[in-house]
Amino acid sequence: MNTSSKRLITAAKVGSLSFATHAAETGLPYASTRFLPVDEGHIAYDDTGGSGPLVLAVPGMGDLRSEYRALRPLLQQAGYRVVTMDVRGHGDTTARWRDYSAHAVGRDALALIDHLNAGPAVILGNSFAAGSALWAAHDAPTKVRAVVLLGPVVRDGQPSWFAKTAVAVGFAGPWRVPFWLAFWNSLFPSQKPEDHAEAKAALAANLREPGRMEALRMMIGLSKADTAAIVEQSRVPALVVMGTKDPDFPDPVVEARWLACALGSIPLIVEGAGHYPHLEMPERVAPALLSFLARIGTK
């Protein structure tokens with residue numbers, strides 16, 4: 001293992017702590033929450049600042065922008081300007097919207113890029129937000145340099161009757177926040193970040209705010225057929241990252257290979273990781289991500 005890789009792994013372990021703590025320890029500037037008005041609400045985001053190439057990170061449904069806390073300091077140390085945003089219904093973003101689709105979130109991402117006047121951007125999208133990254137690239141290819149799709153869910157699956165019943169019952173009563181958190185816990189099958197308990201408490205508090213769980217339920221019920229229809233139209237460079245134990249797919253490796261083939265790329269398969277490979281095993285993802293960014297000439 002070379003010295004550069006060792007530094008990345010050490011930094012990745014440190015990056016599992018809260019970003020504020022990491023910023024204090026390393027001297028990196030701390031990014032405070034900002035707000036961008038769009039349509040009938042506002043989008044919350046934070047921005048590390050700087051003049052480096054823009055990386056915009058979009059979390060998946062049922063989670064917060066802090067899911068990028070392990071990658072953000074690594075990207076910042078490498079010279080990138082890193083912006084993370086909360087999607088509609090989540091975090092510090094407005095809870096209630098008419099449209100919670102991946103396409104709508106993709107439009108929010110483009111609005112943020114325009115607002116920052118710092119594009120073109122590389123967009124990172126986890127889970128359903130991988131579709132948002134693809135939609136942003138589809139709608140405005142000159143504003144999106146590349147997409148990085150982490151545990152991407154971009155087409156409809158075939159849930160069993162048990163899964164459908166579990167979701168219906170799980171969201172039906174006052175136990176719905178614990179129900180979602182139990183599922184969320186299962187998305188880290190091999191190891192959890194050192195600050196997992198802290199992150200879980202923050203997510204639980206946010207989901208108990210008015211309108212948050214309704215937004216999540218709306219997102220879960222949306223078809224992804226429109227996103228699947230644009231996959232093969234994508235012309236921007238893409239990196240697909242998938243954990244071999246991602247419970248969202250019957251066969252995560254097959255799904256990753258299908259998507260990467262459709263996008264003209266080679267997937268990064270992370271052995272043992274679940275739905276958050278970038279948070280569960282950042283030491284595996286970060287070097288590949290930085291290498292990808294170097295190959296596409298972001299600097």
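Which residues are buried in H13? The legends below take up this question along with other close-up views of the structure, which is a predicted model.

**Figure 1. Overview of the chain in the predicted model.** The secondary structure of the chain comprises 13 helices and eight strands. Of the 299 residues in the chain, 56% are buried. Where contacts in the chain are counted between residues at least 6 apart in sequence, 74% of them join residues at least 24 apart.

**Figure 2. Helix H13, formed by residues 282-295, and the residues that follow.** The helix has 14 residues and reaches 19 Å from its first C-alpha to its last, which is close to the 20 Å expected at 1.5 Å a residue. The buried residues of H13 are Pro282, Val285, Ala286, Leu289, Leu290, Phe292 and Leu293. Seen down the axis of H13, these buried residues fall within an arc of 160°, so they line one face of the helix. An α-helix has 3.6 residues a turn, so residues three or four places apart point the same way. Ala294 and Arg295, in contrast, are exposed on the other side of H13. Just after the helix, glycine 297 adopts a positive phi of about 75°. H13 lies across E5, E6, strand E7 (238-243) and E8, and runs at about 170° to E8.

**Figure 3. The open sheet of eight strands, with mixed pairing.** The strands follow one another in the order E1-E2-E4-E3-E5-E6-E7-E8. Strand E1 (34-38) and strand E8 (268-270) stand at the edges with a single partner strand each, so one side of each is left without a neighbour in the sheet. On average, and with direction ignored, neighbouring strands of this sheet are turned by 20° against each other. Helix H4 (residues 102-116) packs on the sheet, where it touches E1, E2, strand E3 (54-58), E4, strand E5 (121-126) and strand E6 (144-150), and the direction of H4 makes about 140° with that of E4.

**Figure 4. Strands E2 and E4, with the pair formed by aspartate 47 and arginine 81.** Strand E2 (residues 41-47) and strand E4 (residues 81-85) run antiparallel and are joined by three bridges. Within E4, valine 83 is the bridge partner of aspartate 47. Aspartate 47 also forms a salt bridge with arginine 81, in which the closest N and O atoms are 2.6 Å apart. This pair links distant parts of the chain, since aspartate 47 belongs to strand E2 and arginine 81 to strand E4, 34 residues apart. Aspartate 47 and arginine 81 are both buried.

**Figure 5. The salt bridge between arginine 72 and aspartate 46.** By the rule applied here, the count of salt bridges comes to 15. In the pair shown, the side chains of arginine 72 and aspartate 46 meet at 3.0 Å, N to O. Arginine 72 lies in helix H3 (residues 71-77) and aspartate 46 in strand E2, so that the pair links distant parts of the chain, 26 residues apart. Both of these residues, arginine 72 and aspartate 46, are buried. A network of salt bridges links Asp46, Arg65, Arg72, Asp86 and Asp92.

**Figure 6. The salt bridge between glutamate 214 and arginine 176.** The closest N and O atoms of glutamate 214 and arginine 176 are 3.2 Å apart in this salt bridge. Glutamate 214 lies in helix H9 (residues 212-221) and arginine 176 in helix H7 (residues 176-185), so the pair ties together parts that are 38 residues apart in sequence. Glutamate 214 is partly exposed, because its relative accessible area of 38% falls between the limits of 20% and 50%. Arginine 176, at 26% relative accessibility, likewise counts as partly exposed.

**Figure 7. Helix H8, formed by residues 196-207, and its surroundings.** The helix has twelve residues and reaches 16 Å from its first C-alpha to its last, close to the 16 Å expected at 1.5 Å a residue. In H8, the buried residues are His196, Ala199, Leu203, Ala204, Asn206 and Leu207. These residues cover an arc of only 165° around the axis, which puts them on the same side of H8. Ala197 and Glu198 are exposed on the other side of H8. Among the elements that cover the buried residues of H8 are H7 and H9.

Definitions and conventions
Residues are numbered from 1 along each chain as its sequence is written. This is a predicted model: local features need pLDDT of at least 70, side-chain atom pairs count only at pLDDT 80 or more; totals for chains, interfaces and linings use all residues. Side-chain values use heavy atoms; hydrogens and water are left out. Helices (H or I, at least four residues) and strands (E, at least two) are DSSP runs, numbered from the N terminus. The expected span of a helix is 1.5 Å times one less than its number of residues. Buried means under 20% relative accessible area, exposed over 50%, partly exposed in between (1.4 Å probe, protein chains only). The arc is that of the directions from the helix axis to the C-beta atoms. Two strands pair if DSSP finds at least two bridges between them. Axes are lines fitted to C-alpha atoms, for helices over the stretch in contact, and angles run from 0 to 180 degrees between N-to-C directions. Contact means heavy atoms within 4.5 Å. A salt bridge is a side-chain nitrogen of Lys or Arg within 4 Å of a carboxyl oxygen of Asp or Glu.
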